[in-house]
Amino acid sequence: MSRVIVVGAGVVGLSCAVRLLEAGHRVDVVARDLPLETTSAVAAALWYPYRAPPQHRVTAWSKVSYDAFASLAGDDRTGVRMVTGTEVLREHHTDPWWRGAVPSLDRETALPPGYADGWTFVSPVVDMPVYLGWLVARVAELGGTLTRMNLTALPADGSLVVNATGLGARHFGSDPAVHPVRGQVVVVEQVGLDRWTLDGSGLTYVVPRTREVVLGGTEVEGEWSRTPDPAVAEQVLHRAVALVPALEGAKVLRHKVGLRPARPEVRLERVGEVVHCYGHGGAGVTLSWGCADDVVGLVDG
């Protein structure tokens with residue numbers, strides 16, 4: 001089997017590395033930022049197709065990832081849990097376009113004041129620091145390597161290359177269509193929440209982990225700053241408490257900012273000896289395993 005260099009150590013790059021190693025390839029991951037330094041580490045990581053066209057491909061990738069996460073949820077080392085929650089909506093809607101990616105979806109009748117519709121389903125929730133550590137360990141277990149390396153261009157030594165550089169694809173893919181969408185979250189103490197809640201019309205979400213709760217969010221197009229804004233944090237807290245009153249008075253643990261790598265469409269294609277896999281917007285976790293499977297197909301093909 002061939003040697004493959006994966007450039008990028010976020011959730012997409014590491015997932016591609018794992019699947020390529022499982023397929024028998026020799027894989028080396030190189031990246032400027034190590035996993036806990038990437039946008040992936042900031043993600044609330046509720047499985048949910050968001051900011052990532054085209055819909056038909058995203059639905060298929062999302063379903064593959066959903067099933068993969070469901071199988072990982074039985075192992076506490078992964079940080080993956082299957083959690084029931086509800087998306088609430090201000091207006092009545094038909095089923096979501098990604099309906100085919102989840103096993104079941106039920107209309108919700110017990111809605112908060114001001115909401116007209118909603119659906120309840122079981123979704124993977126991923127504790128990203130734990131999960132990224134598990135992915136790194138899995139790469140090593142399968143014989144792969146991970147090296148910090150500040151590249152100026154994609155490797156051109158005759159190896160196959162997977163370009164999973166996220167926002168870096170503006171440079172490494174010569175692709176100005178890739179742009180940041182800034183997201184800020186507030187992490188608070190766990191106050192006994194065991195369900196996630198998402199306001200589909202206002203980008204407000206409450207995602208419980210085992211020991212903390214991630215509150216969000218924001219989407220600021222074209223903003224590169226990673227510095228948390230105290231005023232924005234207050235707005236996020238206010239919206240989250242309004243949606244889930246049990247959060248009132250919860251202790252704030254930290255503030256985080258991530259830059260989603262948005263693009264008009266996810267780019268997943270092979271050009272010569274390079275497989276491009278980037279532009280996942282706000283759905284890197286949600287699409288990770290589905291895209292990784294397609295990357296293996298393009299490498300083998």
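There are zero disulfides in this structure, a disulfide here being a pair of cysteine sulfur atoms within 2.5 Å. In general, a disulfide is a covalent bond between the sulfur atoms of two cysteines. You're looking at a predicted model, so local features need pLDDT of at least 70 and side-chain atom pairs count only at pLDDT 80 or more, while totals for chains, interfaces and linings use all residues. Residues are numbered from 1 along each chain as its sequence is written, and side-chain values use heavy atoms, with hydrogens and water left out.

- C277 is buried, at a relative accessible area of 1%; "buried" means under 20% relative accessible area, "exposed" means over 50%, and "partly exposed" is in between (1.4 Å probe, protein chains only).
- For C291, the closest cysteine sulfur belongs to C277, and at 4.7 Å that is also too far for a bond.
- C291 is buried too, with a relative accessible area of 0%.

**The chain as a whole**

- The protein chain has six helices and 15 strands; these are DSSP runs numbered from the N terminus, with helices being H or I of at least four residues and strands being E of at least two.
- A compact globule of 301 residues would have a radius of gyration near 19 Å, and the protein chain agrees because its own value is 19 Å. That radius is taken over C-alpha atoms, and the globule rule is 2.2 Å times the number of residues to the power 0.38.
- Along its principal axes, the C-alpha trace spans about 60 × 40 × 35 Å.
- Of the 301 residues in the protein chain, 54% are buried.
- Take the contacts in the protein chain with a separation of 6 or more: 74% of them come from residues 24 or more positions apart. Contact means heavy atoms within 4.5 Å.

**Surface and charge**

- The protein chain has an accessible surface of about 12900 Å², and carbon and sulfur atoms hold 52% of it. Such areas come from the Shrake-Rupley method with a 1.4 Å probe, and for residues only the protein chains shown count as cover.
- The chain carries 28 positive and 33 negative charges, and their mean positions are 4 Å apart. Lys and Arg count as positive and Asp and Glu as negative, while His and the chain ends are not counted. Each charge is placed at NZ of Lys, CZ of Arg, CG of Asp or CD of Glu.

- T59 belongs to helix α2, which covers residues 55-72, and T59 counts as buried at 16% relative accessibility.
- If you skip neighbours within four places in sequence, T59 touches W97, W98, G100 and A101.
- Beyond neighbours within four places in sequence, the contacts of Y66 include W47, M82, A101 and V102.
- Y66 and M82 are 16 residues apart along the chain, and their C-alpha atoms are separated by 9.7 Å.

**A residue in strand β4**

- R107 sits in strand β4, residues 106-107, and is partly exposed with a relative accessible area of 39%.
- Setting aside neighbours within four places in sequence, R107 is in contact with H93, T94, D95, D117, G118 and W119.
- One of those partners, D117, is 10 residues from R107 in sequence and 7.7 Å away in space, C-alpha to C-alpha.

- P53 and P54 are joined by a cis peptide bond, with omega at about 0°. P54 is in the loop between β2 (26-31) and α2.
- You'll find G217 in the loop between β11 (212-216) and β12 (220-221).
- A45 isn't a glycine, yet it has a positive phi of about 60°. A45 lies in the loop between β2 and α2 and is buried, with a relative accessible area of 8%.
- S174 isn't a glycine either, and its phi is positive at about 45°. S174 is in the loop between α4 (169-172) and β8 (179-189), where it is exposed with a relative accessible area of 63%.
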